[in-house]
Amino acid sequence: MYGSLDISVGGMVAQRMRMDVISANLANRDTVLDANGDPNPFRRKLAVLRQGDPMGTTPDARELGVHMADLQEDDAPFRKVYDPNSPYARPEGDPDHGYVYYPNVDPVLEQFNAVEAVRAYEANATAAE
């Protein structure tokens with residue numbers, strides 16, 4: 001049986017996963033190098049939530065609740081800062097010569113999203129109680 005408790009718990013899990021994504025975005029907001037040490041800025045991640053529970057055992061269970069369906073990269077442009085003395089500046093011959101690309105993470109937007117996720121988590125916790 002897929003009751004209101006299951007729906008609320010599913011919502012809490014989805015919002016917790018969303019908070020994990022937001023935390024990772026904030027932690028990497030100044031990351032300009034990839035794992036190999038090459039200049040390749042971190043790209044902001046987006047948690048995509050969808051209706052239903054794909055693991056539900058009945059048609060009703062598959063239609064109710066919410067789950068994290070996907071983790072996508074934000075294709076917004078990187079933040080460019082002119083710093084020709086940086087070792088990570090674009091090389092000569094590049095149209096953006098002298099610019100350093102920084103991640104497309106806006107800490108204000110991430111904070112707003114975090115508050116929204118916490119409030120949604122709290123609402124699901126209240127509904128479960």
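1. Let's start with Leu-26 and its contacts. Leaving out neighbours within four places in sequence, Leu-26 touches Pro-107 and Glu-110, where contact means heavy atoms within 4.5 Å. This is a predicted model, in which local features need pLDDT of at least 70 and side-chain atom pairs count only at pLDDT 80 or more, while totals for chains, interfaces and linings use all residues. Residues are numbered from 1 along each chain as its sequence is written, and side-chain values use heavy atoms, with hydrogens and water left out.

2. Staying with Leu-26, you will find this residue in helix α1; helices are DSSP runs of H or I with at least four residues, strands are runs of E with at least two, and both are numbered from the N terminus. Pro-107 is 81 residues away from Leu-26 along the chain, yet their C-alpha atoms are separated by 6.5 Å. Leu-26 has a relative accessible area of 28%, so it is partly exposed (buried is under 20%, exposed is over 50%, and partly exposed lies in between, with a 1.4 Å probe and protein chains only).

3. Helix α1 spans residues 4–27 and holds Arg-18. Is Arg-18 buried or exposed? Its relative accessibility is 14%, so Arg-18 counts as buried. Beyond residues up to four places away in sequence, Arg-18 touches Ala-47, Leu-49, Asn-113, Glu-116 and Ala-117.

4. Now to the glycines. Gly-65 sits in the loop between α2 (59–63) and β2 (66–73). With a relative accessibility of 22%, Gly-65 counts as partly exposed. Gly-52 is 13 residues from Gly-65 in sequence, and the C-alpha atoms of the two are 4.7 Å apart.

5. How many aromatic pairs does a search of the whole structure find? It finds two, where rings of Phe, Tyr and Trp (its six-membered ring) pair if their centres lie within 6.5 Å; planes under 30 degrees apart count as stacked, over 60 as edge-to-face and the rest as tilted. Tyr-82 and Tyr-99 have ring centres 5.2 Å apart and planes at 65°, so this pair is edge-to-face. The pair links distant parts of the chain, with Tyr-82 in strand β3 (residues 79–82) and Tyr-99, 17 residues away, in strand β4 (residues 99–102). Tyr-82 counts as exposed at 52% relative accessibility, whereas Tyr-99 is partly exposed at 29%.

6. On the overall fold, there are three helices and four strands, and along the sequence they follow the pattern α-β-α-β-β-β-α. The radius of gyration is 20 Å, well over the 14 Å that the globule rule gives for 129 residues, so the protein is more spread out than a compact globule. That radius is taken over C-alpha atoms, and the rule is 2.2 Å times the number of residues to the power 0.38. Along the principal axes, the C-alpha atoms fill a box of roughly 65 × 25 × 20 Å.

7. A few totals to finish. Of the 129 residues, 26% count as buried. Among contacts between residues at least 6 apart in sequence, 56% join residues at least 24 apart.
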